[in-house]
Amino acid sequence: MFFSTIEETFLTEVKEILPVSVATDREKLWPFIEQAERKYILPLLERELYDDLQKFCNNHENWISGGSGAEDEIKTTALVNLIRIAELNLAYFLGFSVLNTKISDGGFQRTGDNGAFKGLFKYQEGDLKSYFETTGYNGLDDLLKYIEENIEHFPEWEESTIYTVRKTAIIKDAESFDAICFINKSRLTFLRLQRFMKEVIDFEIKPLLGTEWTTLMTELAKEDPAPKYSALLPEIQTPLAFLSCAKLIEKTGNLTDRGLFFEGKNSMYPDDSYKRPAEGDSVIVAASSYQSTGQKYLELLRQYLITNAFINLGSEDGNVYNRNNDDKKTFVA
């Protein structure tokens, strides 16, 4: 756990994040902190980095730095603080209804008007719960950004699934994607998009490039790719981004709901277990807009490949445009 099990220390850690009262009950809040850690923190950090940070929290004095000594310790402390911010807010978000309820053998009760404090108005409850949710997800994005910017201090992260996938990715990070399609530079939204980017690459981009796809991947893996392939990359990135957004919206009904990275939700099922942020025509219109734009950019990519003779470098059966028009009654232009 990233919070202390000692009551006084726990309260101090919590008060550094939220202005809670001294009556805050660690025992009552703890199950939701554990739940937030299992549901959000562990899947993002993955086991190796998570375990190392746990060692840092549990036995700080005997923790062995994986990098540059004192500076490494400072960076790790800062990361743990970011984790606590996200985890605590998400804990309150997850436990909001239960923490607002008195549970006893007599059933479930809400604090009445005769209590020391009156309950919030409905709109205040909604605003507060929304605050915990938004701040929690912002915290997750912040900690991912911090790790990326200080990657040399967290060598375990370099072996994580999230980091290794981007090494061969056409669009490598949230900032690059956001420059094409707005996702508020969210790492969580970018992670949601990865499975759909793979679909677009497999079914749209690879067939279009033919054998040039293999050459492109080989060049991009080099420190200094050939200029023609470096120039080709942004031509692929644009249709890839728009078509991936179309698929994500069509599947989940929402582009920027970061919580959907952790939950399986489908825009086709409006029941309690599959809440859809957008419904009906709004989903269709949004998905159609991204799809239409993506297809236009895909057509521009086709023309770019023809104009820059990429198709002539592929194999005979690798691309439909690779044809000699000499002495033919029809021709491909």
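**Salt bridges in a predicted model**

Author: In this predicted model, E299 is partly exposed, its relative accessible area being 34%.

Reader: Why is E299 called partly exposed?

Author: Its relative accessible area is 34%. Buried would require under 20% and exposed over 50%, so a value in between is called partly exposed.

Reader: What makes the contact between R302 and E299 a salt bridge?

Author: The N to O distance between the two side chains is 2.9 Å. The cut-off is within 4 Å, so the pair qualifies. Both residues belong to helix α11 (residues 281-307), 3 residues apart, about one turn of the helix. R302, at 22% relative accessibility, is likewise counted as partly exposed.

Reader: Why is K198 called exposed?

Author: K198 has 52% relative accessibility, and exposed means over 50%, so the term applies. Its side chain forms a salt bridge with that of D202, at 2.8 Å, N to O. D202, at 26%, counts as partly exposed.

Reader: How do you know that K247 and E199 meet in a salt bridge?

Author: Their side chains lie 3.6 Å apart, N to O; the limit is within 4 Å, and the pair therefore counts. This pair links distant parts of the chain, with K247 in helix α10 (residues 227-252) and E199 in helix α8, 48 residues apart.

Reader: Why are K247 and E199 called partly exposed?

Author: K247 stands at 27% and E199 at 30%.

Reader: How many salt bridges does a search of the whole structure find?

Author: The search finds 12.

How values were computed. Residues are numbered from 1 along each chain as its sequence is written. This is a predicted model: local features need pLDDT of at least 70, side-chain atom pairs count only at pLDDT 80 or more; totals for chains, interfaces and linings use all residues. Side-chain values use heavy atoms; hydrogens and water are left out. Buried means under 20% relative accessible area, exposed over 50%, partly exposed in between (1.4 Å probe, protein chains only). Helices (H or I, at least four residues) and strands (E, at least two) are DSSP runs, numbered from the N terminus.
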